[in-house]
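Here is a short walk through a protein model, written for someone who likes to keep the coordinates open while reading. Please have your viewer ready and follow along.

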Amino acid sequence: MTERKVLRRHIDWWRTSAGALSGLLAGFAALAVAELVSAAVRPEAGPVVAVGGAAIDRTPAPVKDWAIRQFGTDDKLVLQAGILAVLALLAIVLGLIALRRRRLGAAGVLLFGVIGALAATGRPDSAGITDALPSVAGAVVGAALLYLLAGRLAPLPVPTAVPTAAPPAPEPTRVPADAGQPAWDRRGFIIAATAAAAASAGAGVLGRSLNAAGGQDAIASRNGVKLPAPASAASPTPKGSALRVKGVSPFMTPNEDFYRVDTALVVPKVDATSWRLRIHGKGVARETTVSFAELLRMPLIERNITLACVSNEVGGPYVGNARWIGVRLADLLTQCGVRPPSKGGPADQLVARSVDGMTIGSPVEDVMDGRDAMLALGMNGEPLPFAHGFPVRMVVPGLYGYVSACKWIKDIELTTFDDYDPYWVKRDWAREAPIKTQSRIDTPKPFARPKAGTVMVAGVAWAQHRGIDKVEVRVDDGPWQRAELAAEDTRDTWRQWSFPWRATSGGHTLTVRATDRTGEVQTEKRTRTIPDGASGRHSVVITVD
Ligand SMILES: Nc1nc2c(c(=O)[nH]1)N[C@H]1C(S)=C(S)[C@@H](COP(=O)(O)O)O[C@H]1N2
Ligand SMILES: [Mo]
């Protein structure tokens with residue numbers, strides 16, 4: 001290869017890289033501007049959040065289930081990182097296109113703006129056309145920047161020998177490549193790119209911090225909540241409902257440790273002072289709208305209730321027990337003139353709607369059958385944390401969260417199962433889903449290596465609204481042996497159990513099963529979480545030293 005060719009290739013490589021870089025910078029600028037504008041509009045309208053939300057809604061149930069299993073509560077982080085990675089790749093492609101065709105590259109950026117705008121305005125909680133602003137503003141800035149940067153990368157006119165008609169040429173000018181000079185405006189590019197990167201970073205950081213600081217009204221309204229003493233306090237938790245065994249889940253789950261499962265990429269921050277709940281629909285004789293202050297003035301009940309997620313695998317972490325305080329839902333419904341189907345009411349499904357567009361359907365019969373179904377205002381002695389549904393959420397003992405526990409609720413509609421499929425039912429989950437009898441070994445952990453001698457095997461078991469009657473443990477293929485049960489709080493709460501095992505050295509499999517108060521033994525038949533919750537028995541494999 002001649003020296004000139006080497007030089008030429010070298011220069012092309014730089015130019016190509018600069019093209020890719022301008023694509024990335026344009027993408028970065030677009031997202032940064034969108035972030036800044038979303039702080040002025042609303043954080044949920046940002047393109048990554050909007051596209052992520054749309055992706056969540058369209059993800060097939062098995063994939064979503066896999067993601068929850070694989071990434072747990074980080075699933076949303078992983079999703080957003082994935083979207084950013086795809087965007088980065090596409091931005092590079094647009095940058096390369098812009099090297100040859102500036103307008104086409106810029107148009108490509110605008111197209112992404114349109115996609116972001118469509119996603120944002122198409123969300124179920126969309127505030128309307130203003131939600132398009134972050135995507136549109138970002139795309140316009142990104143497109144303009146790509147056009148500008150690509151302009152710096154355009155090949156400079158190559159000075160050649162002057163036409164013969166002119167006076168005799170002086171020394172023939174050497175082409176820039178020969179001279180090792182860039183054939184494009186390298187200096188101009190570097191200056192423009194650096195300025196663009198700095199400005200974008202500034203806009204992005206500012207937008208981020210504004211978004212993070214947002215929701216001040218909501219935060220202030222939460223800080224201002226004073227939960228009144230309940231008219232009906234939780235019956236005192238019996239002594240001995242909490243075992244003193246190391247490694248077992250605490251009987252009450254602290255709010256910080258309480259599992260979180262929802263589709264919200266941005267946790268809704270609702271201002272309780274302007275929040276309203278509307279109750280309407282079939283058989284609602286008196287349509288009602290209540291404020292948070294009005295709920296606080298109603299007689300409140302306080303109950304310990306164990307919540308569980310249908311996506312929880314056997315042995316999984318998506319179950320927790322909290323002390324909720326709130327308004328008995330059946331009372332409120334009765335005030336509105338609602339009757340359950342068994343008393344001739346026309347509606348058999350209660351559909352709760354959240355501010356973020358989630359819909360959750362529960363059987364009216366269950367909600368009004370005397371169980372402590374409530375509109376919860378407090379969790380473990382404080383107003384609901386934002387992530388757990390502030391200002392108000394539903395809690396219904398005995399039903400999986402996706403058919404009962406609507407967070408950030410704003411609307412209750414009485415309808416029928418025939419007439420309406422809520423969010424998860426549209427995605428192949430069961431219409432009705434009572435919680436299955438389950439038990440979990442918390443300690444020892446899988447692959448633990450305890451010493452031979454007495455090893456405490458312990459965990460929790462739950463069968464909300466039926467209650468746990470018995471827990472048994474089996475070592476390898478041995479007989480089922482009764483575990484000691486902590487005192488029962490209520491049949492809506494889980495029970496801790498423990499089993500002192502005289503462990504002999506070698507490898508062992510420990511398996512647990514629970515029996516609920518209807519006499520039903522936890523089945524050994526394994527099912528997937530879809531459509532109505534995992535069944536099967538939890539076991540752990542350990543080696544005793
Ligand atoms: N608005 C809204 N409410 C929701 C959900 C959701 O995605 N959005 N998820 C439900 C599911 S699947 C469960 S298991 C519970 C979880 O409540 P937690 O996050 O407070 O533990 O909330 C329920 N309520
Ligand atoms: Mo769930």
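An unreviewed UniProt entry places the feature "transmembrane region" at residues 77–97, 104–120 and 132–150. Keep in mind as you look around that this is a predicted model.

**The annotated transmembrane spans**

For residues 104–120, the model shows 100% helix and 0% strand, with the end C-alpha atoms 24 Å apart. Residues 132–150 are 95% helix and 0% strand, and there the end C-alpha atoms lie 27 Å apart.

Now turn to helix 5, which covers residues 102–122. Its 21 residues should span 30 Å at 1.5 Å a residue, and because the end C-alpha atoms are 30 Å apart, the helix agrees with that expectation. Which residues of helix 5 are buried? They are G105, A106, G108, V109, G113, G116, A117, A119 and A120. The cover over these buried residues includes helix 2 (47–58), helix 4 (75–100) and helix 6 (133–152).

**Helix 8**

The buried residues here are G188, F189, A192, A193, A196, S200, A203, G204, G207 and N211. Just after helix 8 comes G215, with a positive phi of about 70°.

Ligand 1 has 20 residues around it, of which Y259, D262, H388, R393 and K407 come nearest.

| Residue | Protein atom | Ligand 1 atom | Distance |
|---|---|---|---|
| S354 | polar side-chain atom | nitrogen | 3.3 Å |
| A405 | polar backbone atom | nitrogen | 3.0 Å |
| K407 | polar side-chain atom | oxygen | 2.6 Å |

**Backbone features worth a look**

Most residues other than glycine have a negative phi, and most peptide bonds are trans.

The peptide bond from F390 to P391 is cis, with omega near 5°. You will find P391 in the loop between strand 8 (382–383) and strand 9 (393–395). P444 sits in the loop between strand 11 and strand 12 (453–462).

W408 has a positive phi, near 50°, although it is not a glycine. It belongs to the loop between strand 9 and strand 10 (409–415). Is W408 buried or exposed? W408 counts as buried, because its relative accessible area is 2% and the cut-off is under 20%.

D476, too, has a positive phi near 50° in a residue other than glycine. This residue is found in the loop between strand 13 (468–475) and strand 14 (480–482). At 28% relative accessibility, D476 counts as partly exposed.

**T437 and D516**

T437 lies in the loop between helix 13 (423–426) and strand 11 (438–443), and D516 lies in strand 17 (residues 506–516). What joins their side chains? A polar contact of 2.8 Å does. The T437 side chain also makes a polar contact with the side chain of R466, at 3.0 Å.

Both residues are buried: T437 has 10% relative accessibility, and D516 has a relative accessible area of 2%. Leaving aside neighbours within four places in sequence, T437 is in contact with W462, A463, R466, I468, A514, D516 and Q522. With residues up to four places away again not counted, D516 touches T437, A463, R466, G467, I468 and D469. For a sense of scale, the C-alpha atoms of D516 and E35 are separated by 51 Å, and the two residues are 481 residues apart along the chain.

**The nonpolar cores**

The largest nonpolar core has 80 residues, and those with the most contacts inside it are W324, L350, I409 and L414. Apart from that one lies another core, of 21 residues, including V457, A461, A483 and W497.

Conventions: Residues numbered from 1 in each chain as written. Chains lettered and ligands numbered in written order. Heavy atoms only, no water. Helix = DSSP H or I, 4+ residues; strand = E, 2+ residues; numbered from the N terminus. Buried < 20%, exposed > 50% of the residue type's maximum accessible area, 1.4 Å probe, protein only. Polar contact = N/O pair within 3.5 Å; in protein donor to acceptor, adjacent residues only side chain to side chain. Contact = heavy atoms within 4.5 Å. Core = buried A, V, L, I, M, F, W, Y, C linked by side-chain atoms within 4.5 Å. Near = heavy atom within 4 Å. UniProt positions renumbered as here; feature names shortened; annotations may be inferred. Expected span 1.5 Å × (residues − 1).
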